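Subject: Structure handover

Hi,

Here is the structure we talked about. Please open it alongside this note and check the points below as you read.

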Amino acid sequence: MACHILDLVIVSPCYQADSISNMAAPSNAEQTQLQDMEEEEAEMEERDMESDEEEGMGLENSEDEEDDSSEDDKENEAEIQRLEEQLSINAFDYNCHVDLIKLLKQEGELLRLRKARQKMSELFPLTEEIWLDWLKDEIRLSEEDSNREKVYELFERAVKDYICPEIWLEYAQYSIGGMGSPGGIDKVRSIFERAVTAVGLHMTKGQMLWEAYREFENAVLSTVQPPPGRIPSREEQERLSTQLERIHTLFRRQLAIPLMDMETTYAEYEEWSEKGVPDTVIHLYRKALQQNEKCKSYEEALLVAEPPKLAEYQAYIDFELKEGDPARVQIMFERALAENCLVPDMWTKYTTYLDRQLKIKDLVLSTHERAVRNCPWTMSLWKSYLQALERHGADHQIVSDVFEKALNAGFIQATDYVEIWQAFLDYLRRRVDFSKESSKELEELRAAFARSIEYLKQDVEERFGESGDPSCVIMQIWARIEAHHCKNMQKARELWDNIMTKGNAKYANMWLEYYNLERAYGDMAHCRKALHRAVQCTSDYPEHVCEVLLTFERVEGTLEDWDTAVQKTETRLNRINEQRAKAAEKETNMARQEEEKMEQRRKAKAEKKNQKKGQRATRGGEKRKAEQDDYQEDWNEESAPKRQKGNGDNTEEYMETETGGRNAPPGYKPTQDGAKNAQQGAVAAAQRQNDDKLELRDDSCSVFISNLAYTLEDPEPKLKTLFESCGPIRQVRLVTSNRGNFKGYGYVQFESVVSVAEALKMDRKELEGRPMFVSPCVDKNKNPEFKVFKYNTSMEKHKIFISGLPFSCTKEQLEEICKNHGTIKDVRLVTYRSGKPKGLAYVEFADETQASQAVLKLDGIDVEGNKITVAISNPPRRNPMDKPGSSRPMGDIMPHQVYGSRGRGRTQLSLLPRSLHRQTAPPGKVENGTTAEREAPSTGSAAANAAGESRSLSNSDFAKMLLNK
């Protein structure tokens, strides 16, 4: 019987020894064993003779090889000790575990290798490759049947980490080696059934498990068939019929499932079945073929895609979710997670589906456990795990143990610890029966609240520099529970006193929250006391708190209470107004000082300019072109400010220039083009309109709008439409150039100050593809220290920066690329003011983990032929010397360009003969036959020397230079 099974079942080499020892015929085995022993003895004698002859010749070589191997062993041992020491410091170093296992396997340290694998498996789920190596090593070590149970236990652990067809196939094949023991065949069937249940729906790898299962049953069939020529007994006939039905059932089950190469299986069933294929099986087979055809495109996409294939798996999962078959949805999630086990979003979607759809306790809880083992840093997975344990009635000790593991998981944000504590406290609160005055559960809840506050204060704050709960939300919940459920207002007041001492007393909303608690569960005396304290302490919205107090006294108080409230509110508001007046006076003084500084700088600049003019008047021998350029520069400098004045001054200036009231600069030609005059008229009209608007200007009711596109069409009506929801608009003032072109910024003035706060909420809102900056309208001349924008110079861990995008890439295309890696909150393409793309973009995700995964998956991929670069957004730190108004000299930013004595012409062509051409030397050195004046820096003429101003050369000087050549 056993010989027939081994002839038919395909077993891997590592199991053949077990199968033979258990099931082979004794006579054949003894003969084969004797022949093998004789051949081995003969081979050993020949090897001994050859080794004796070569021993002397290879003695020196062997010694060298031994020395080399010993040195390698020492190096490997040192590396092993280093890795073990590193793991003792940080046990969660995944790569260190992998390297240690490789080295120990290379050295053959089996006991240490087993221990290393054991430690790693306790901390992390192991990959398919690591499990298969471990299982094969353990199988080789277990030579006796007594050790097979340990291997079975190891297989049970392996199949729980991931749903891998290869591991299930190895498990089934290994179990065949023990089928000769009592109940062995039933155990093999049990393992095969579990295997096809777990991975039998795997479209590409499920077929090999079904075939192995049928081969096993065919082997069993051969053992129950009677020998040829003998009529079977009734019992034998029943066993034969039962076994045939098993194989028929396996064929039917397999053909009803859409798998690859189904046609071959169908042909095999036609050939095997003596009565042909039943109509019901044909119907199921055709239906499976149709389903197979639907899935074909998704399987082909997975086949050609490169790992991790996240987008392809997500599309496949979405398809199966629409189809609605829970078993197929489950196997698709398992296939995706086998290659994307470190993607928290995939685990979240899978566990959410199981929680809402299947609701099978063992499946749901095991999947949650696998999720937190793969992504322990993700707080939301731990939170879902705790809720799933409570939902399925897990023991309280198990829930507590899981929560303790969550605290040690190493979250990346302080707020994550606040949320996990809230989830656990919610669970403990739901366990309490508040109808009883005292209970064990209530005491445990209070102890947990106290521990959470201490934990956030010590452990979390020590690690992150903040508790993660500045508003004391946990203490507020505790106070509300004590007031509402326990009727213990004294404890609630103690908690609120503690909350206020943590820096929250200056916020009106905190006092009003406490007031509402007293109003609902306390008494009027404590309500009045809370409002009086709020009036004295609140600094953000004191008027609102005063109004609440007066309203309270109108409804609840006596005349004496009203008088006291009025006196306190008036005193407080007067003090607030005095502080504001002092602040305004300080701001005015600073603005006046700044104006005085600007006046001093203007006077110094004018004196320096007059000094330059005096030097030009005394300097002789300069060429006419240089004089014209200098005069042109003076003209531009003096006339530019006038053109920035009102329309009347501007028109007067043009008339004066055109009528000869002032000598025009050399080369100036007045334009007579009618179109240009019309343009100037339009500019003048716009100037008059802006001047009229400036008269109505009120900065307290205005906001400053910037970062708009220069090419924005009809900006004024668009801004009115956009901001009209904030309140009535008085005017929109756009800033334009001298030619009337929109410069990308302006002002929106409302009728009321209240509208400004609503308008500021629209900051960073997109307007035709660009984020619009909205900030308070502050006169920088009066308050130069006011910062309109606060550029983020720290790392934005939830946002990624993408460069190298094709210019044709749209926002929708980029969102399609990134959506498979997390929840996208915003996508922004960086453009020039003209609207042209820069090939850069920012994508904001819901949290840091999603952004990190997106960087790992997207960096280096091709988008329309462009290889993109993806990194976490880390804006460069701004140099204060580069900001507007900094005192950094322009010479440090851009080197002064030196021109020849002819000035800067249109073509910059020098008419000096090439043989006489010299490159301009730096100031202070010999230049074109002259020496730069060394006293220039003190008189301001250094720039003139650098510009190429030098003594004129005579004909004799040029002759000498030619002779020197």
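Start with the surface charge. Glu71, Asp72, Asp73 and Glu75 form a negatively charged surface patch. A patch takes residues with over 30% relative accessible area and no salt bridge; like charges are joined within 9 Å, and nonpolar side chains (Val, Leu, Ile, Met, Phe, Trp, Tyr) within 5 Å. Asp and Glu count as negative, Lys and Arg as positive, and His and the chain ends are not counted. Aspartate 73 sits in helix α4, residues 59-89. Its relative accessibility is 39%, so aspartate 73 counts as partly exposed. Buried means under 20% relative accessible area, exposed over 50%, and partly exposed in between (1.4 Å probe, protein chains only). Helices are DSSP runs (H or I, at least four residues), as are strands (E, at least two), numbered from the N terminus.

A word on the source. This is a predicted model: local features need pLDDT of at least 70, side-chain atom pairs count only at pLDDT 80 or more, and totals for chains, interfaces and linings use all residues. Residues are numbered from 1 along each chain as its sequence is written, and side-chain values use heavy atoms, with hydrogens and water left out.

Now the salt bridges. The count comes to 46, where a salt bridge is a side-chain nitrogen of Lys or Arg within 4 Å of a carboxyl oxygen of Asp or Glu.

- Glutamate 77 pairs with arginine 112 at 3.5 Å, N to O. Glutamate 77 is in helix α4 and arginine 112 in helix α6, so the pair ties together parts 35 residues apart in sequence. Glutamate 77 is partly exposed at 27% relative accessibility, and arginine 112 is partly exposed at 26%.
- Glutamate 149 bridges to lysine 187, with the closest N and O atoms 3.8 Å apart. This pair links distant parts of the chain, 38 residues apart: glutamate 149 lies in helix α8 (residues 148-161) and lysine 187 in helix α10 (residues 184-199). Glutamate 149 is partly exposed at 44%, and lysine 187 is partly exposed at 31%.
- Arginine 253 meets glutamate 193 at 3.0 Å, N to O. Arginine 253 belongs to helix α12 (residues 234-255) and glutamate 193 to helix α10, so the pair ties together parts 60 residues apart in sequence. Arginine 253 is partly exposed at 29%, and glutamate 193 is partly exposed at 27%.

There is also a network: salt bridges with shared partners join Lys105, Arg117, Asp137 and Arg140.

Next, the backbone. Proline 307 and proline 308 are joined by a cis peptide bond, omega about 10°. Proline 308 lies in the loop between α14 (279-304) and α15 (310-323). Lysine 309 is in the loop between α14 and α15. Lysine 309 is not a glycine, yet its phi is positive, about 60°. Lysine 309 is buried, at 16% relative accessible area. Lysine 487 also has a positive phi, about 55°, without being a glycine. Lysine 487 sits in the loop between α23 (473-484) and α24 (489-504), and is exposed at 63%.

Best wishes

Technical notes:
Accessible areas come from the Shrake-Rupley method with a 1.4 Å probe; for residues, only the protein chains shown count as cover. The place of a charge is taken as NZ of Lys, CZ of Arg, CG of Asp or CD of Glu.
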